[in-house]
Amino acid sequence: MDSAEESLDPESWSELRELGHRMVDDMFDYLAGLRDRPVWQPMPDELRGRLRQPPPDEPEGAQRVYADFRTLVLPYVTGNAHPRFWGWVCGQGSGMAMLAEMLAGAVNSSVDGFDDAGTQVEAQVIEWCKTILGYRDEATGILLSGGSMANFVGLAVARNNCDAVAAKRSGLSGAPPLTVYASAETHSSVQKSVQLLGLGTEALRKIPVDERHRVRLPALAAAIETDRAAGRVPLCIVGNAGTVNTGAIDDLDGLADIAEREGVWFHVDGAFGACAAISATLRPRLAGLERADSLAFDLHKWMYFPYEAGCTLVRSDAEHRAAFQYDAPYMAPAERGLAAARNQQFTEYGPQLSRGFRALKIWMGLKEQGVDKFRRLIEQNVRQAAYLAELVTAAPDLELLAPVELNVVCLRYCGTGGLGDDQLNDINRELLSRLQESGTVVPSHTVLDGRFALRAAITNHRSRREDFELFVEEVRKVGAGLIAELRG
Ligand SMILES: Cc1ncc(COP(=O)(O)O)c(C=O)c1O
């Protein structure tokens, strides 16, 4: 044996094993004690400096690295695992999913389409997603990093299957301009996808919305007509199943009808809202979802799984595969062995070749808890959003800024009157920073009709009613303090 040969394995597994046990214990303590920690706190400058070091040429050792994690990382994470985090649209993860991530790390499979368990598990998860969302039986799907990539894949399938252009073979130069239609409330990831797919920002038609922030169908139909008359090729309509700002749900059936009539692809961005379809009571609000030609959603938002876990479902294997299939002799499926062709080739369903074993945490998490638990949690979040809206409406110094369609509540502190929008925007901007810096609650923000809003997207399985009561109390207390400061 060549004594100079090395590996990354430790000389003694027992020491690392012991450290691993401690990490697991510490992380369970962390999860069990989340409620008593600040939701978020900024990292002191001195510690930030310790994360601007040159790469370590020499070993620091496992114990020291873990000590650094405890000092530099753990106290200053985003905080989205906390029961009072409702900013942006985040999930919390769970104990089982955390362990599953560890198991996935141990086997370190790349789920490309090998004849292995990873491929079977992901295929199983995709089938489950179709079933619980009530999406088409014949659909295919793929797990992705998140909603942004899921939208990208849906739009890429639309573009690469568009007969009017041979985008996959010849690119877009010389082809008639393609156009994409989505409400003005559509998430920025759709804009990014349009840009990345070479269509250009100007190809995205932002259609106005109604008072409930849903796309106006007549305006959409008129935009398509205008584009056709100008020689453009309408490629795709994007519907929203839960907009990022307010949780608005477009008339998906109405959009599907227009898409069918016009012969254009119908993609639904259901990043979080699509997950409401797993509840029989909420599903009617998403009527038409099943008619999407492609559907993007996230399991790391309203299914509470750890990052990263997005998914795209596509109506047919042929179209899905046509969008990403390629020729490479070193990747051609074999008759037998690890590369046997009998598996789903995930590498032909999306842009990635090497892919992490994302499916394991989802498979284990769904089996551990059962889908009914997720149904109940989603319904619980919807009830909590309605409760928060009630609290806001009942408070004379708070204002609800948008109808609560699902699980997103937008509000502002307005004092006892006499303040204009500009002043209120300044007050609420400052109020939000103070709330976050206090570590008590973390909502995020948006702007609705020029009004700065505190925004709570309730995709949190750890929140309780009392957390929303505290939220409202804090907004009123900090808001009143700000007005007092203003009046000197
Ligand atoms: C409606 C909507 N679409 C797409 C996305 C992008 O998803 P991701 O952050 O997982 O890429 C989000 C993120 O919040 C969203 O709310």
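Helix packing and ligand shell in a predicted model

User: How do the axes of helix H1 (residues 13-32) and helix H3 (residues 62-73) lie?
Analyst: In this predicted model, the axes of H1 and H3 come within 11 Å and cross at roughly 15 degrees.

User: Why are H1 and H3 called roughly parallel?
Analyst: Angles under 35 degrees count as roughly parallel. The H1 and H3 axes cross at roughly 15 degrees, and therefore the two helices are roughly parallel to each other. Their crossing is right-handed.

User: Which residues in H1 and H3 meet?
Analyst: Leu 16, Leu 19 and Met 23 of H1 meet Ala 62, Gln 63 and Tyr 66 of H3. By class, this contact has five nonpolar residues, one polar and no charged ones.

User: What makes H6 oblique to H8?
Analyst: Helix H6 (residues 147-160) packs against helix H8 (residues 188-196) at an angle of about 45 degrees, and the axes are 9 Å apart. Roughly parallel requires an angle under 35 degrees, and roughly perpendicular requires 65 to 115. The angle of about 45 degrees therefore makes H6 oblique to H8.

User: Which residues make the contact of H6 and H8, and how do they divide by class?
Analyst: H6 contributes Gly 147, Ser 148, Asn 151, Phe 152 and Leu 155, while H8 contributes Ser 189, Val 190, Lys 192, Ser 193, Val 194 and Leu 196. They divide into five nonpolar, five polar and one charged. The crossing of H6 and H8 is right-handed.

User: How do you know that H13 and H15 are to be described as they are, parallel or oblique?
Analyst: The axes of helix H13 (residues 371-394) and helix H15 (residues 465-487) come within 10 Å and cross at roughly 30 degrees. The cut-off is under 35 degrees, so H13 and H15 are roughly parallel to each other. This crossing is right-handed.

User: What residues make the contact of H13 and H15?
Analyst: On H13 they are Gln 384, Tyr 387, Leu 388, Leu 391 and Val 392; on H15 they are Arg 465, Phe 468, Glu 469 and Val 472. The division is six nonpolar, one polar and two charged.

User: How many residues surround the ligand, and which are the closest?
Analyst: The ligand is surrounded by 15 residues, the closest being Gly 146, Gly 147, Ser 148, His 187 and Ala 271. The shell has five nonpolar, eight polar and two charged residues.

User: What does the domain assignment give?
Analyst: It gives domain 1 (13-77), domain 2 (109-369) and domain 3 (376-487). The C-alpha centres of domain 1 and domain 2 lie 37 Å apart.

Technical notes
Residues are numbered from 1 along each chain as its sequence is written. This is a predicted model: local features need pLDDT of at least 70, side-chain atom pairs count only at pLDDT 80 or more; totals for chains, interfaces and linings use all residues. A residue is near a molecule or strand if its C-beta atom, placed from the backbone, lies within 6 Å of it. Ala, Val, Leu, Ile, Met, Phe, Trp, Tyr, Cys and Pro count as nonpolar, Asp, Glu, Lys and Arg as charged, and the others, Gly among them, as polar. Domain bounds come from an automatic or database domain assignment. Axes are lines fitted to C-alpha atoms, for helices over the stretch in contact, and angles run from 0 to 180 degrees between N-to-C directions. Helices (H or I, at least four residues) and strands (E, at least two) are DSSP runs, numbered from the N terminus. Angles under 35 degrees count as roughly parallel, over 145 as roughly antiparallel, 65 to 115 as roughly perpendicular and the rest as oblique. A crossing is left-handed if the near helix is turned anticlockwise from the far one by less than a right angle, and right-handed if clockwise. Two residues are in contact if their C-beta atoms, placed from the backbone, lie within 7 Å.
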